[in-house]
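Here are a few friendly notes to read alongside the model. Take them one at a time, and look up each residue as it comes along.

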Amino acid sequence: MGNRSRFLNHSCLPNAHLHPILVRGEFRVGVVLGRGILAREEITIRYEKSTSEEDLGTECLCGEEECGGWLRG
């Protein structure tokens, strides 16, 4: 089931990032937009990028010109 964050998808050029916040003594994760977005525009974050060949897990299909090619497995 999960929460609404399950709808956040990856992009190598994201329009948002995750930011830890403290709410009533408990840490939560907030989604912070890095720029204005259009109505119905997908909100994207950058998943952790792979840094070595041994760590390659999932091919990145974001389609951005700056695409890193692989996400950490």
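What share of the contacts in the protein with a separation of 6 or more is accounted for by residues 24 or more positions apart?

1. The share is 44%. Contact here means heavy atoms within 4.5 Å.

2. Before going on, a word on what you are looking at. This is a predicted model, in which local features need pLDDT of at least 70 and side-chain atom pairs count only at pLDDT 80 or more, while totals for chains, interfaces and linings use all residues. Residues are numbered from 1 along each chain as its sequence is written, and side-chain values use heavy atoms, with hydrogens and water left out.

3. Now the overall layout. The protein has six strands and zero helices, and from the N terminus on its elements run β-β-β-β-β-β. Both kinds of element are DSSP runs numbered from the N terminus: helices are H or I with at least four residues, strands are E with at least two.

4. Next, the surface. The protein exposes about 6,100 Å², and carbon and sulfur atoms supply 52% of that area. Accessible areas come from the Shrake-Rupley method with a 1.4 Å probe; for residues, only the protein chains shown count as cover. Of the 73 residues, 16% count as buried. Buried means under 20% relative accessible area, exposed means over 50%, and partly exposed lies in between (1.4 Å probe, protein chains only).

5. Please look at Asn-15, in the loop between strand E1 (9-10) and strand E2. Is Asn-15 buried or exposed? Asn-15 counts as buried because its relative accessibility is 3%. Its side chain makes a polar contact with the side chain of Glu-41 at 3.4 Å, and also reaches the backbone nitrogen of Thr-44 at 2.9 Å. A polar contact is a pair of N or O atoms within 3.5 Å; within protein, one must be able to donate a hydrogen and the other to accept it, and residues adjacent in sequence count only if both atoms are side-chain atoms. Leaving aside neighbours within four places in sequence, Asn-15 is in contact with several residues, among them Leu-33, Gly-34, Ile-37 and Ile-43.

6. Then turn to Arg-24, in the loop between strand E2 (16-23) and strand E3 (26-33). Its phi is near 50°, a positive value in a residue other than glycine. Arg-24 counts as exposed because its relative accessibility is 85%.

7. Finally, visit Arg-40, in the loop between E3 and strand E4 (44-45). Phi of Arg-40 is positive, near 70°, and this residue is not glycine either. With a relative accessible area of 88%, Arg-40 is exposed.
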